[in-house]
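Biologist: Could you take me slowly through one part of this model, the salt bridges, and then show me the sheets and helices around them? I am new to reading structures, so please go step by step.

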Amino acid sequence: MSDKADTGTSKALAIIEPDSAGPAGASEPPREPRLTRETVRVIAGAAGVLVVCLIATALVASGESASSGEQTCLGPQMTVAVAPEAATVVGNILEDAGCGQFDVEAAKTDQVLQPLALDGDLPDVWIPDSSLWLDRIHPAVEPVTLRASMASSPVVLVSGDGLTRTSFAEAFVEDDLLMGDPQRMMSALGTAVASRGKPQSEAKLEPYAERIASGEEGAGPTDSGRLAELQTVMSGVTATSEQQWSTYAPALKASAPKEGTVVLDYPVLITADSSRRNSIAASITSFARVLDSGAADTALTQAGFRTSGAGKPSPNVGAYTRVDSATVAKTASEWNARLRPTRAIAVMDVSGSMAWPSAPDSATTRLQLTQEAASEAVSLLPGSAAIGLWAFSEKTEGTLGGDHKVLVPTRQLASKDQRAQLTAEIAGLTARTGGGTSLHDTALAAYQAAVASYDPLASNDVLLFTDGTNDDPDSMDVAELVRQLEAASDPRRPVRVLGIGITADADLGTLQAIADATGGAAYVAERPEDIGQVLREALEQR
């Protein structure tokens, strides 16, 4: 296949047409003007009714970059977030074109995905390293594709011992294979794709998956960090982008894996909302023209990227085969589900019946067995998991000063003292027992809190532990609870309530109604000693 960047654009904003894809090493065809009168109609529709005259004037140009910043750089200030490895070169391209109205900032993927999912504060334009990141979330406002690919970079195999590894099969037999985090580095996904369906290779990656899921600092080293290690110890193999290799470790041996590889495509996405696009339409047009210039292609190639105009960087690994896009997307989805951290509020019933014996003649109470299961989960969950703790009982009889109380805010277990605080508060629940069960009001309050603090990059849950039925005389009935849960739900912020009933006394019907309203599930540990197993099953449901 061609080793050039795919410069096709979406139907929404077809500013840049793809060059014909020739074989690797073929001479480049003459650059043609790629800003057409059809573009005027399309961009005006996407950006608003402004700047039609401006774009028509710009069409006088031949498709090369304008000869002065005054001609090229029209429009107001605009923010552009770029994958860190490309931010400097994009900033330099705009500066060299005399475009002072663009504020370019390096942004890691998570920094944009979070607000993109939650309708937060976004840059006007975002250039991530891969279009696949958008599959991880449900955007509050769907981005508009300005350019399908600004540049590209294939994932390559790099070795530190002076020997060339030409396939992932060779890399997987190495004892010192290094892997990054596929959730945060698309380059690391190449290794995951290559292992798919191969039991021995998948087993090789299991320790990496466990370390990455732990949330520990340094568990998934960056591309540059892995390359630095290879250069230091002069051994080891890793997968990284060709651009990172050519930038940080060009003296090391690199090769395009013969099984095929993942390709980083650097799409250019308009993330500003429609109102904002109206006001910056002139700047969007200027930005597109600068990116379409020969000078931009040359600068990107010199920075180690592949482009449609200037071709391959030097050094480079030559031609490569691209892995089927459906396979890449499926692997990304599987690893996302596997490594996606848990974010949960554990809501514990401390009504009087929780102090009852767990079984006839037993010295262990229902609450004590629940505490044991919850404490075990806190100790075993990885540091990337974020857990909070609530307690609830009927306010007029209980000891909480209300129907429920937040004992520990929801924070990552890797945060300072979070595990210790949870463990201590769980142990202290024994002293809080008393009163009836305020199940309905508490379930709604916890669900609303989880939706409000939703993390789009995590699995968001409410773990509701109870051994009884609602007996708060001032609370809503089940039908009203379901109605309010449905009203509080947000398809962009999916939160599940996982109901865990303790003994056959638990109100399974209500727990199931709550679960159905929130896409969750209901469980009953008829034998209190099974609470731990039930909790593990609930947490495994993704």
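Modeller: A search of the whole structure, which is a predicted model, finds 15 salt bridges. One of them joins Glu206 to Arg338, whose closest N and O atoms are 2.4 Å apart. Glu206 belongs to helix α8 (residues 199-214) and Arg338 to helix α14 (residues 325-339), so this pair ties together parts of the structure that are 132 residues apart in sequence. To judge how open the two residues are, we can look at relative accessibility, where partly exposed covers the range between buried, under 20%, and exposed, over 50%. Glu206 has a value of 34% and therefore counts as partly exposed, and Arg338, with a relative accessible area of 38%, is partly exposed as well.

A second salt bridge is formed by Glu376 and Arg536, and here the closest N and O atoms are 3.3 Å apart. Because Glu376 lies in helix α15 while Arg536 lies in helix α20 (residues 531-540), the pair ties together parts that are 160 residues apart in sequence. Glu376 is partly exposed at 34% relative accessibility, and Arg536 is partly exposed too, with a relative accessible area of 35%.

The side chains of Arg432 and Glu425 meet in a salt bridge at 3.7 Å, taken from N to O, and Glu425 counts as partly exposed, with 25% relative accessibility. Elsewhere, Asp161, Arg165 and Glu174 are linked in a network of salt bridges.

Strands of a sheet pair through backbone hydrogen bonds, either parallel or antiparallel. In this sheet, β11 (residues 342-349) and β14 (residues 459-466) pair in the parallel sense over seven bridges, and Thr342 has Ser459 as its bridge partner in β14.

There is also an open sheet of five strands, again with mixed pairing, whose order is β2-β1-β3-β10-β4. Its edges are formed by β2 (102-106) and β4 (144-147), and each has a single partner strand, so one side of each is left without a neighbour in the sheet. Here the neighbouring strands are turned by 25° against each other on average, direction ignored. Within this sheet, β1 (residues 78-82) and β3 (residues 125-127) pair in the parallel sense over three bridges, and Val82 stands opposite Ile127 in β3. Helix α5 (residues 109-118) packs on this sheet, where it touches β1, β2 and β3, and its direction makes about 135° with that of β3.

Key: Residues numbered from 1 in each chain as written. Predicted model: local features only at pLDDT ≥ 70, side-chain atom pairs only at ≥ 80, totals over all residues. Heavy atoms only, no water. Pairing = 2+ DSSP bridges. Helix = DSSP H or I, 4+ residues; strand = E, 2+ residues; numbered from the N terminus. Axes fitted to C-alpha atoms, helices over the stretch in contact; angles between N-to-C directions. Contact = heavy atoms within 4.5 Å. Salt bridge = Lys/Arg side-chain N within 4 Å of Asp/Glu carboxyl O. Buried < 20%, exposed > 50% of the residue type's maximum accessible area, 1.4 Å probe, protein only.
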